[in-house]
Amino acid sequence: MTEIKRGARIVDNAPQLPGAQPVKRVDELVNDRSTLRFAVGIFDTWADVQATVRDLTAGGMAENSFNCLGLHRVLGPLVARPDNRMSLRDLPYSGDVELTSVTDGPLAACLAERLTMGAQTLTAALGHWLIPRHAAQLQGAVSAGKVILWAQLFDNDDERRAYRSLLARSSNSVGVHDIIRA
């Protein structure tokens, strides 16, 4: 039997099921500090990335909630613009044809750690957290010169806002991915 208490379902019959472990709370976003949750959208133009960031910050998301991932030759000139506050971290994966970069932030730290741990490609680094098809899709977008915006999510409201804004301006599908920090 499942009962509702304070917005979360409490499962009280799990011990009766063979092999089932009791689950205390379900239907909540991951809020463990070692897990980072991102809404991810692929963009054709920097203007669309900027418009999305403006929209999301106006809606209450912090400016440091965003990371952009792409080729260095694409992100370098954009980050160097005087109207930009982001700084860039290069990710020299030995198996990638071109240099990949990411703007500083929590995603940059996680990808740099995967590089240090021996990831040979961006796909391999992302594949530590994502299913192979999603990792390859993001690598393909980067290789095609697109900018991938990662918006860090902290609650359900952030997720809904990010989905609406990313879907309105991105050039591809939008997903939510969890990154587990070591």
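The legends below describe close-up views of one predicted model. Residues are numbered from 1 along each chain as its sequence is written, and side-chain values use heavy atoms, with hydrogens and water left out. In this predicted model, local features need pLDDT of at least 70 and side-chain atom pairs count only at pLDDT 80 or more, while totals for chains, interfaces and linings use all residues.

**View 1. An open sheet of 6 strands with antiparallel pairing.** The strand order is β5-β6-β4-β7-β3-β8. Strands (E, at least two residues) and helices (H or I, at least four residues) are DSSP runs, numbered from the N terminus. Two strands pair if DSSP finds at least two bridges between them. The edges are held by β5 (88–91) and β8 (174–180); each has a single partner strand, so one side of each is left without a neighbour in the sheet. On average, neighbouring strands of this sheet are turned by 25 degrees against each other, direction ignored. Such angles run from 0 to 180 degrees between N-to-C directions, and axes are lines fitted to C-alpha atoms, for helices over the stretch in contact.

**View 2. Strand β7 (147–153) and its antiparallel partners β3 and β4.** β3 is joined to β7 by 7 bridges, and F43 has V147 of β7 as its bridge partner. β4 is joined to β7 by 4 bridges, with L69 and I148 as bridge partners. Because 7 of the 7 residues of β7 are buried, this strand is largely enclosed by the rest of the structure. Buried means under 20% relative accessible area, exposed over 50%, and partly exposed in between (1.4 Å probe, protein chains only). V147, L149, A151 and L153 point one way from β7, whereas I148, W150 and Q152 point the other way.

**View 3. Strand β4 (residues 66–71) beside strand β6 (residues 100–103).** These two strands run antiparallel and are joined by 3 bridges. The bridge partner of G70 in β6 is S101. C68 counts as buried at 1% relative accessibility, and C110 counts as buried at 4%. The structure holds 0 disulfides, a disulfide being a pair of cysteine sulfur atoms within 2.5 Å.

**View 4. Helix α1 (residues 46–58) lying across β3 (35–43), β4 and β7.** α1 runs at about 10 degrees to β7. Its axis and that of helix α6 (residues 156–169) come within 10 Å and cross at roughly 155 degrees. That makes α1 roughly antiparallel to α6, since angles under 35 degrees count as roughly parallel, over 145 as roughly antiparallel, 65 to 115 as roughly perpendicular and the rest as oblique. The crossing is right-handed, the term for a near helix turned clockwise from the far one by less than a right angle, with anticlockwise being left-handed. D48, A51, T52, D55 and L56 in α1 meet R161, A162, S165, L166 and R169 in α6. Contact means heavy atoms within 4.5 Å.

**View 5. Helix α2 (residues 72–79) and its buried residues.** V74, L75, G76, L78 and V79 are buried in α2. The buried residues of this helix pack against α1, β4, β5, β6 and β7.

**View 6. G118 in the loop between α3 (106–116) and α4 (122–127).** With a relative accessible area of 38%, G118 is partly exposed. G118 and S94 are 24 residues apart in sequence and 9.5 Å apart in space, C-alpha to C-alpha.
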